[in-house]
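Hi everyone, thanks for making time. Let's look at this one together, starting with the picture on the screen.

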Amino acid sequence: MSDHKLYLYPKWLRVWHGINAVSIITLIATGISMQYSNLNYPIINFQSAVFFHNLFGVITLINYLVFVIVNSLTDNKKAYKLQFKGLIERLMVQSQYYLSGYFKGEPKPYPVSKTEKFNPLQKVAYVVTMYVLVPLVIITGVSLLFPEVIIENVLKTSGIRLTAIFHASLGFFISLFLFIHLYVASVGKHPFRNYRSIVTGYHED
Ligand code: HEM
């Protein structure tokens, strides 16, 4: 049993998060498959990979718009407000905890509360992912879906090629975020306790 429970993830956020997680994982799998496709030994059949990549790309776009709109209309937006004053110091304290304090059983430097549900590192990672990486991957993805909108030549290089490289690089950084996100979410008294919270809505200490 947990010491105390906090309701931090409302229903709309949990639904958004579930759709987003399934979509992004599908996009990563189909994206990698297309990138390294070999027609003789495809990881996923090429035509299917293209179809599902486009389909889940559109789902991610609509779902992302829902996130931005509902987040801006509810109190959840407060969790994404970055306080730049003293940020570097707070990031160092949190990194020190993840690298050493956690393994020594030290208390969390920034305990989860109703007003501060993210620690400083989480907050920066979520802001960068949700307001830089995801919108950029969507914009470049939609441009590749309608390549006629892309400038033909940039410094003698194909604009489409540059957009595709940028799009794949953003995909790489989102995959990196996901990898770290999954690890960090497992840090706590029990590895699955945080995973349960994004399903039930309740954070448990
Ligand atoms: C299977 C995949 C995933 C799992 C198991 C997972 C797990 C979790 C968990 C346990 C939380 C709540 C605790 C915490 O904040 O760390 C959370 C929150 C969050 N996750 Fe994920 N996640 C997944 C995929 C993703 C993806 C692909 C993204 C974005 C690209 C993402 C973005 C977020 C954001 C922004 C929050 C904070 C939501 C809020 O409270 O406003 N997650 N996730």
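Before anything else, a word on "buried": a residue gets that label if 20 or more other C-beta atoms, placed from the backbone, lie within 10 Å of its own. By that count, buried residues make up 13% of the 205 residues in this protein.

Keep in mind that this is a predicted model, where local features need pLDDT of at least 70, side-chain atom pairs count only at pLDDT 80 or more, and totals for chains, interfaces and linings use all residues. Residue numbers run from 1 along each chain as its sequence is written.

Now the layout. We have 6 helices and 4 strands, meaning DSSP runs numbered from the N terminus, with helices being H or I of at least four residues and strands E of at least two. Along the sequence, the pattern reads β-α-α-α-α-β-β-α-α-β.

On to the ligand. How many residues are around the ligand? There are 22, and Ala-21, Ile-24, Ala-185, Asn-194 and Ile-198 come nearest; "around" here has the C-beta atom, placed from the backbone, within 6 Å. Helix 1 (11-35), helix 4 (120-145), helix 5 (159-185) and helix 6 (193-200) each supply at least two residues of that shell.

Helix 4 also meets helix 3 (residues 87-99): their axes come within 8 Å and cross at roughly 115°. Those axes are lines fitted to C-alpha atoms over the stretch in contact, with angles from 0 to 180 degrees between N-to-C directions. The two helices are therefore roughly perpendicular to each other, a label covering 65 to 115 degrees.

Key. A residue is buried if 20 or more other C-beta atoms lie within 10 Å of its own, exposed if 12 or fewer, and partly exposed in between; C-beta atoms are placed from the backbone. Angles under 35 degrees count as roughly parallel, over 145 as roughly antiparallel, 65 to 115 as roughly perpendicular and the rest as oblique.
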